[in-house]
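Here is a short note for a colleague who is opening this entry for the first time. Please keep the structure in view while reading.

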Amino acid sequence: MKIAPKALLFDLNGTMIDDMQFHTQAWHQILTEDLGAELSYDEVKGHMYGKNSEVLARIFGKEHFPEDRVTEISFEKERRYQKAYFEHLKLINGLDAVLEQAYEKGIKMAVGSAAIPFNIDFVLDNLNIRHFFDAVVSADDVNESKPDPETFVKAAQLLGVDPADCIVLEDAPKGVEAARNAGMPCVVLTTTHEKDEFSSYDNILFFITDYNDPSVKELF
């Protein structure tokens with residue numbers, strides 16, 4: 001069965017590139033070694049959603065750091081992440097063909113991510129894929145992070161496509177919840193989370209491990 005969406009909205013980390021362990025490693029180092037938080041690697045992983053400022057607020061409390069210090073910590077975390085991940089930077093298997101096929105068929109595409117522009121640019125420009133996307137919604141473009149639907153609703157608005165005609169591609173429960181809150185069906189990549197972690201969501205079309213999965217053909 002062909003689903004035939006008018007737009008595909010991609011989360012970035014864990015959805016277009018399989019890099020979440022590098023983010024977790026960078027955060028764990030900064031939080032424990034630089035900022036003195038007593039957190040295990042798995043505990044840090046549990047905080048890995050939303051804006052960087054929200055990660056810090058969840059761990060240390062709101063307004064623990066002044067705004068300029070939050071920005072400084074955020075960029076240092078991303079600098080370490082990019083340095084560690086750069087040599088591994090690549091699209092998840094099969095995504096290059098999906099982008100080409102959607103582009104050729106006139107399906108609009110957007111990135112909807114809690115990443116800051118510094119990180120989104122790192123991916124789109126180093127992989128030379130910016131031309132596929134008609135819109136980019138970053139952490140700087142929204143007031144509320146996922147699971148709030150603002151990221152995906154704004155992406156749909158920028159594309160000029162009704163939310164019901166969009167399909168979201170995500171790897172995280174909070175992202176799937178954001179898609180549901182936006183009235184959008186979702187395809188889930190199991191790069192970061194297990195299937196059972198998504199059991200409470202009714203907007204999932206199917207799960208894939210990468211974009212070579214035969215189910216992806218249903219999108220076209």
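The points below go from the overall fold to single residues.

1. Basis. This is a predicted model, in which local features need pLDDT of at least 70 and side-chain atom pairs count only at pLDDT 80 or more, while totals for chains, interfaces and linings use all residues. Residues are numbered from 1 along each chain as its sequence is written, and side-chain values use heavy atoms, with hydrogens and water left out.

2. Secondary structure. The protein has eight helices and six strands. Here helices (H or I, at least four residues) and strands (E, at least two) are DSSP runs, numbered from the N terminus. Their order along the sequence is β-α-α-α-α-α-β-α-β-α-β-α-β-β.

3. Overall size. The radius of gyration is 17 Å, which agrees with the value near 17 Å for a compact globule of 220 residues. That radius is taken over C-alpha atoms, and the globule rule is 2.2 Å times the number of residues to the power 0.38. Along the principal axes, the C-alpha atoms fill a box of roughly 50 × 35 × 30 Å.

4. Burial and contacts. Of the 220 residues, 49% count as buried. Buried means under 20% relative accessible area, exposed over 50%, and partly exposed in between (1.4 Å probe, protein chains only). Take the contacts between residues at least 6 apart in sequence: 64% of them join residues at least 24 apart. A contact means heavy atoms within 4.5 Å.

5. Surface and charge. The protein exposes about 10600 Å², and carbon and sulfur atoms supply 46% of it. Accessible areas come from the Shrake-Rupley method with a 1.4 Å probe; for residues, only the protein chains shown count as cover. There are 21 positive and 39 negative charges, and their mean positions are 3 Å apart. Lys and Arg count as positive, Asp and Glu as negative; His and the chain ends are not counted. Each charge is placed at NZ of Lys, CZ of Arg, CG of Asp or CD of Glu.

6. Backbone points to check. Most residues other than glycine have a negative phi, and most peptide bonds are trans. Which bond joins K146 and P147? A cis peptide bond, with omega about 20 degrees. P147 sits in the loop between β3 (135-137) and α7 (150-159).

7. Positive phi. E63 is not a glycine, yet its phi is positive, about 65 degrees. E63 lies in the loop between α3 (52-60) and α4 (67-85), and it is exposed, at 80% relative accessible area. N128 also has a positive phi, near 55 degrees. N128 belongs to the loop between α6 (117-126) and β3 and counts as exposed at 60% relative accessibility.
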